Amino acid sequence: MKTRACSLLLVSFLFLLHFPLSSQTIVRGFVRDSITGQAIVSASIKFEGREETVSSALSGYFEVRDIAAVRNNTAGVQYIIVSHENYQEKKLSVTVNQINVFDILLSPQAEYLRNRQQQDSLPNAANYPAILLLQKMLGNRKIPPPSYRLLVFASDLLTENYLPTHRREEKNKFNIGPVTSFISRNGIEGIRLALGGETTSKLNQYFYFKGLGAYGFGDRQFKYSGTATWSFNGKNPNHDYGLDALSVRYQYDIQSLNSFFSSEYQPNIFLSFKRQQENMMRYQRKISVNYSKEFSNGMAAETWSFLNRETPAGSLQWLSTDEQGDIHITNTYKVAGVGLKLHYTKTDKPLQHGYTPNLSFSYQQGIKGFLNGDYDYQYAEFAVHKTFPATFGLIALHAKTGKIWGNVPFPLLIIPNYNLSYGIRQGGYNLMNLLEFISDKYVSLDMETHFDGLLFNKIPFVSNLKLKEVITFSGFYGDLSSDKLPENNRTLFIFPDISSRMGKVPYMEASIGLENILGLFRVDYVRRLTYLDKPGISKGGCRFSLKLLF
């Protein structure tokens with residue numbers, strides 16, 4: 001036994017002397033992308049003429065050995081072949097009987113590179129809930145880049161409402177929009193076509209211009225507006241916080257009768273489908289000078305002076321009677337004055353609603369004789385907005401109160417923000433009729449409760465749709481002083497037959513609905529709660545809106 005064991009050890013020793021470990025050919029290193037430098041996983045590496053292969057690891061590292069190369073290659077040169085289905089094959093020479101170390105760079109194939117460049121340039125789907133939901137509905141399959149880009153473009157368009165004229169933001173000098181106002185319809189203009197735009201800071205950091213041109217095929221009139229803004233600190237007046245700017249604006253356009261003290265009428269294709277035609281409006285020619293300042297402590301201040309020339313539109317007439325009972329028609333009047341608005345919130349963005357309270361106070365003074373203005377009046381308004389986070393979602397409250405002093409005609413009184421369309425409009429009363437109520441003082445309360453899938457998240461399969469419930473309530477109470485009634489003051493315009501003074505009960509409506517439908521749509525059923533005996537009203541109906549939820 002000892003002799004046999006000694007013989008085996010001797011044979012092994014002689015074999016190692018003839019084929020030492022250092023004589024085998026060893027190739028090790030990393031396989032990387034020649035463009036990005038990233039590791040290539042599962043690349044195939046083998047010696048030329050051999051069947052055995054190894055694959056690169058997650059880090060791109062590999063190691064391959066070949067002893068047979070020593071016996072079969074007398075020239076001292078051997079080759080390895082590195083390949084991958086998405087990369088061009090590469091052949092490298094190695095020295096036999098040595099350790100060879102390589103950092104191998106593979107070039108992507110043309111088709112793979114093209115597809116990768118398209119994917120790399122696509123925006124992150126996490127920023128687009130509607131696209132994420134669509135991907136889930138498709139079984140998490142990738143959306144082809146052209147379709148993906150189209151979806152992202154549509155989402156950005158709905159969010160920003162402006163179309164950039166350059167793909168790269170740092171080179172974009174002009175935006176076209178608002179896109180939703182390109183085509184719309186109302187009872188006076190019929191079909192309305194519009195085109196507008198705004199400059200960006202890439203054109204000039206301090207000077208900005210915003211303009212619009214429109215034509216109504218029903219009234220056959222051109223409308224236009226232009227706003228020139230000088231930003232003292234270079235902030236964009238359309239997007240940036242910390243504004244310190246002076247603006248001059250001139251416009252001629254059509255306006256709703258409920259927008260004199262509230263936001264201006266904004267034609268919108270989604271608000272063009274109406275349950276009641278708005279056949280009483282006004283043409284407004286307006287020039288104004290505005291100065292805005294936003295402070296770092298949460299305060300924002302705005303002051304302005306203005307001159308408006310108002311003309312009735314559609315079936316609206318401005319009629320008054322004298323002591324003899326004769327009717328007089330007024331074709332136009334002028335309103336001129338100054339205004340001030342203060343806004344405060346604890347957040348660093350006073351003009352955006354957050355979880356902290358938003359407080360605002362506005363005052364407007366009409367001055368008779370100033371720029372040939374026809375009326376003296378004072379209007380004051382106070383508003384508070386507060387959002388309360390809750391375990392089930394959030395609750396948003398918006399309360400306002402206001403009053404006007406002075407003998408003014410009904411177009412200058414407080415007319416609630418009636419919404420005649422089938423679209424949901426923020427702050428609008430969805431079932432209130434055209435010019436239904438007129439007041440000189442009011443108080444209002446709007447409440448929205450957003451449930452974060454409180455019910456639908458518990459239903460199998462339906463929970464995947466991420467539907468969110470929403471409940472709203474809107475209330476408005478106004479009163480009208482006796483001295484502002486036309487029968488008590490013959491210098492004032494006669495109220496339209498459809499208008500009346502509000503009774504002792506506030507106007508109220510409520511709704512229940514679903515939002516985040518496909519990450520985009522919201523549908524509500526609205527129900528009117530008071531003044532149900534008035535002729536020509538709608539007691540209930542469905543309303544919709546488009547809104548991207550993040």
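**Exercise 1. Classify Phe217 by its relative accessibility, then describe its pairing with Tyr215.**

Step 1: Phe217 has 48% relative accessibility, so it counts as partly exposed; buried means under 20% relative accessible area, exposed over 50%, and partly exposed in between (1.4 Å probe, protein chains only). Tyr215, at 23%, is partly exposed too.

Step 2: Keep in mind that this is a predicted model, where local features need pLDDT of at least 70 and side-chain atom pairs count only at pLDDT 80 or more, while totals for chains, interfaces and linings use all residues. Residues are numbered from 1 along each chain as its sequence is written, and side-chain values use heavy atoms, without hydrogens and water.

Step 3: The structure holds 19 aromatic pairs. Rings of Phe, Tyr and Trp (its six-membered ring) pair if their centres lie within 6.5 Å; planes under 30 degrees apart are stacked, over 60 edge-to-face, the rest tilted. Tyr215 and Phe217 are edge-to-face, with 5.1 Å centre to centre and 90° between the planes.

**Exercise 2. Find the rings that have a lysine over them.**

Step 1: Apply the criterion: NZ of Lys or CZ of Arg within 6 Å of the ring centre and within 35 degrees of the ring normal.

Step 2: Lys91 lies over the face of Tyr79, 4.7 Å from the ring centre. The charged end of Lys386 sits over the ring of Phe388, at 5.4 Å from its centre.

**Exercise 3. State how confident the predictor is overall.**

Step 1: pLDDT is the predictor's confidence in each residue, from 0 to 100.

Step 2: The protein's mean pLDDT is 84, and 83% of its residues reach 70 or more.
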